[in-house]
Amino acid sequence: MKRYLDYLWPIIGLVAVIWSVDLLWDKLKAEAGTDAAIEALLAQGSLWDNLRIVASRIGQKIAVIPGDAFFHAGLATLVAYAALAWYDRIALLHLGKEKGISWPYIAVCSFVTYALSHNIGASVFSGGMVRYRAYTAKGLTAAEVAVLVALCSFTFAFGTILLMGLVLLYEPEILRPLGRLSSWFAISDGTARLIGAGMLGFVALYTIGSWLGFRAVRIGKFELVYPRLPIVARQYLAAPLELAGAAGIIYFALPEQGNPGFMIVLGAFLLSFSAGLLSQVPGGVGVMEAVFLAVMPGMPAPAVFAALLIWRLFYLILPLVMSLPVVLAFERAQLKRNSAATPPP
């Protein structure tokens, strides 16, 4: 059975790569075909013609953004993905499994994990599969990988709750324009501040639980340990850093004129990205545009679309392109190692 599984995983990896390439092409066409005429050309053209159309249209959209904005957006992307690698490192420290797993290995594993999960959606499945393959190769059990995936997901949620609480305390008016999208957001500034305070209260309770040293929960042979203060302290740094880096890509890509400031951009990003994840819409297509246009009515729609295109290129599309060869190389190496370890019949 193990011999069959050794060949099954590379096949799954290849299928994921093919699926990702198809998804990547669909995303690029969606970014390029924003009007009926272009959509008609893409529907009728050959692959080579479509490649030229897509490249030309995307080039036109990003040509309006100055060069220094690309530079700062690139730095923000590096900060975001470095913090995502820190998520994995924090989880390994929590499990006591950090020894023998180098930072470069963790960084590559995290990069591929999020490049796939951010684009494909179903992050627990797509991200969990990559981490399972990578970390079981380093000696972790399936249960330990499950805890690692869960803690990384919680670190993201922790950072979102922390930053959104701060945004609602200092910029409660961010929810006013969203009342046009849903009656759920039709609340007063005072209520928004109370919600923000409640979010920060949750963060405080989680921290207090760590400070008090809540006992581990045992389920059969499995033990679920409450994160200790050194782990929580790292979560306080890593999660906001990643989210601020991701929002910073959009902030730097927006023009200075009419820019509402980083806190508003951060709040719009947190609301739209979280909604996209909950709806499992890959890349938050449509969701982010609606939220950003509602929150920032003073910004021209083309400028918002261009900034979100830069975000998708830097945070989603380029990482996906870079991750696919890594998946293929890893599965090829694993297949070679398993073949060498299998005794001849």
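**Exercise 1. Decide whether Lys-99 is buried or exposed, and place Lys-99 in the fold.**

Solution. Start with the scale: buried means under 20% relative accessible area, exposed over 50%, and partly exposed in between, with a 1.4 Å probe and protein chains only. The relative accessibility of Lys-99 is 73%, so Lys-99 counts as exposed. Finally, look across the sequence: Lys-138 is 39 residues away, yet the C-alpha to C-alpha distance is 9.9 Å.

A word on the model: it is predicted, so local features need pLDDT of at least 70 and side-chain atom pairs count only at pLDDT 80 or more, while totals for chains, interfaces and linings use all residues. Residues are numbered from 1 along each chain as its sequence is written, and side-chain values use heavy atoms, with hydrogens and water left out.

**Exercise 2. Find where confidence is lowest and where it is highest in the protein chain.**

Solution. Recall that pLDDT is the predictor's confidence in each residue, from 0 to 100. The chain has a mean of 79, and 71% of its residues reach 70 or more. Now go by element: helix α1 (residues 2-32) is lowest at a mean of 52, and α9 is highest at 95. Over residues 1-9 the pLDDT is below 50.

**Exercise 3. Check the spans of α9 and α4 against 1.5 Å a residue.**

Solution. The expected span is 1.5 Å times one less than the number of residues. For α4, with 29 residues, the reach is 43 Å, close to the expected 42 Å. Just after α4, Gly-96 has a positive phi of about 70 degrees.

**Exercise 4. Name the residues that touch the most other members of the largest nonpolar core.**

Solution. Such a core is a set of buried Ala, Val, Leu, Ile, Met, Phe, Trp, Tyr and Cys residues joined through side-chain atoms within 4.5 Å. The largest has 71 residues, and Tyr-135, Ile-250, Phe-269, Phe-292, Trp-311 and Tyr-315 touch the most other members. The biggest contribution, 13 residues, comes from α12. A second, separate core of seven residues includes Val-112 and Leu-320.

**Exercise 5. Classify the ring pairs Phe-154 with Phe-158 and Tyr-251 with Phe-262.**

Solution. Rings of Phe, Tyr and Trp (its six-membered ring) pair if their centres lie within 6.5 Å; planes under 30 degrees apart count as stacked, over 60 as edge-to-face and the rest as tilted. The whole structure holds 17 aromatic pairs. For Phe-154 and Phe-158, the centres are 6.3 Å apart and the planes at 35 degrees, so the pair is tilted. Both lie in helix α7, four residues apart. Phe-158, at 0% relative accessibility, is buried, whereas Phe-154 is partly exposed at 26%. For Tyr-251 and Phe-262, 5.6 Å and 90 degrees make the pair edge-to-face. Because Tyr-251 lies in α9 and Phe-262 in α10, this pair ties together parts 11 residues apart in sequence.

Definitions and conventions. Helix = DSSP H or I, 4+ residues; strand = E, 2+ residues; numbered from the N terminus. Contact = heavy atoms within 4.5 Å.
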